[in-house]
Amino acid sequence: NFSSSQCQYYTQYAVSELLRDHSIIYGTKYDMVIRSRFDLACGQDIEFTLDDSVWVPSCCPYSDRVNDMFSISNYDNYLKLSQVFLNLKEFEKEGKAEMEWALMRQIEKENLSIKRFKADYETFDVVRSTTKHKYV
């Protein structure tokens, strides 16, 4: 049995394997990969510049982690980021298994650069927003 974080990160890992296979078969690489949780409904524009960074929302309840709901990155960084599933046991041994913490540890492990786009829960995460009626 998988926990919710294991399910989330397994799905991302499985998608990365499909993406890698597609890239090999067709000899292409995507310029950009957007990773999003299924329960996110974004109610705002996202401003970013495609570069070698992993772009994440600025809204996160923890100062030492990143928001695990959404990211934008190039193809190579997405493949590195999606490896978090393979490292969950290692991260859990360190005493923390929260999704945001595991994602941050994967970013650090792969030495990826993080940039944050402006976001707040009221407009970015409409599903959990107290004003969601404005966007639905």
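Guide: This is a predicted model. Its chain comprises four helices and four strands, in the order α-β-β-β-α-α-α-β from the N terminus. Of the 136 residues, 43% count as buried.

Visitor: Why is the pair of Tyr-13 and Phe-85 called stacked?

Guide: By the ring rule, the chain has four aromatic pairs. The centres of the Tyr-13 and Phe-85 rings are 6.0 Å apart, and their planes meet at 25 degrees. Pairing requires centres within 6.5 Å, and stacking requires planes under 30 degrees apart; the pair is therefore stacked.

Visitor: What makes this pair a link between distant parts of the chain?

Guide: Tyr-13 belongs to helix 1 (residues 4-26) and Phe-85 to helix 3 (residues 84-93), 72 residues apart. Ring pairs also join Tyr-10, Tyr-13 and Phe-85 into a cluster.

Visitor: Why does Tyr-13 count as buried?

Guide: Its relative accessible area is 19%, and buried means under 20%. Tyr-13 is therefore buried. Phe-85, also at 19% relative accessibility, counts as buried too.

Visitor: Why is the pair of Phe-70 and Phe-117 called edge-to-face?

Guide: Their ring centres lie 5.9 Å apart, with the planes at 85 degrees. The edge-to-face class begins over 60 degrees, so the pair falls into that class. Phe-70 lies in strand 3 and Phe-117 in strand 4, so the pair ties together parts 47 residues apart in sequence. Both residues are buried.

Visitor: How do the side chains of strand 3 (residues 70-73) point?

Guide: Phe-70 and Ile-72 point one way, Ser-71 and Ser-73 the other way, and all are buried. In a regular strand, side chains alternate between the two faces of the sheet.

Visitor: What makes Leu-50 partly exposed?

Guide: Its relative accessibility is 39%, whereas buried means under 20% and exposed over 50%. Leu-50 is therefore partly exposed. Leu-50 lies in the loop between strand 1 and strand 2 (53-57). With Met-32 and Ile-34, Leu-50 forms a nonpolar surface patch of about 260 Å² accessible area together.

Visitor: Why is Asn-111 called exposed?

Guide: Its relative accessibility is 70%, and the class begins over 50%; Asn-111 therefore counts as exposed. Asn-111 is placed in the loop between helix 4 (99-109) and strand 4 (113-117).

Visitor: What is the phi of Asn-111?

Guide: Asn-111 has a positive phi of about 55 degrees, although it is not a glycine. Most residues other than glycine have a negative phi.

Terms used:
Residues are numbered from 1 along each chain as its sequence is written. This is a predicted model: local features need pLDDT of at least 70, side-chain atom pairs count only at pLDDT 80 or more; totals for chains, interfaces and linings use all residues. Side-chain values use heavy atoms; hydrogens and water are left out. Helices (H or I, at least four residues) and strands (E, at least two) are DSSP runs, numbered from the N terminus. Buried means under 20% relative accessible area, exposed over 50%, partly exposed in between (1.4 Å probe, protein chains only). Patches are made of residues with over 30% relative accessible area and no salt bridge: like charges are joined within 9 Å, nonpolar side chains (Val, Leu, Ile, Met, Phe, Trp, Tyr) within 5 Å. Accessible areas come from the Shrake-Rupley method with a 1.4 Å probe; for residues, only the protein chains shown count as cover. A salt bridge is a side-chain nitrogen of Lys or Arg within 4 Å of a carboxyl oxygen of Asp or Glu.
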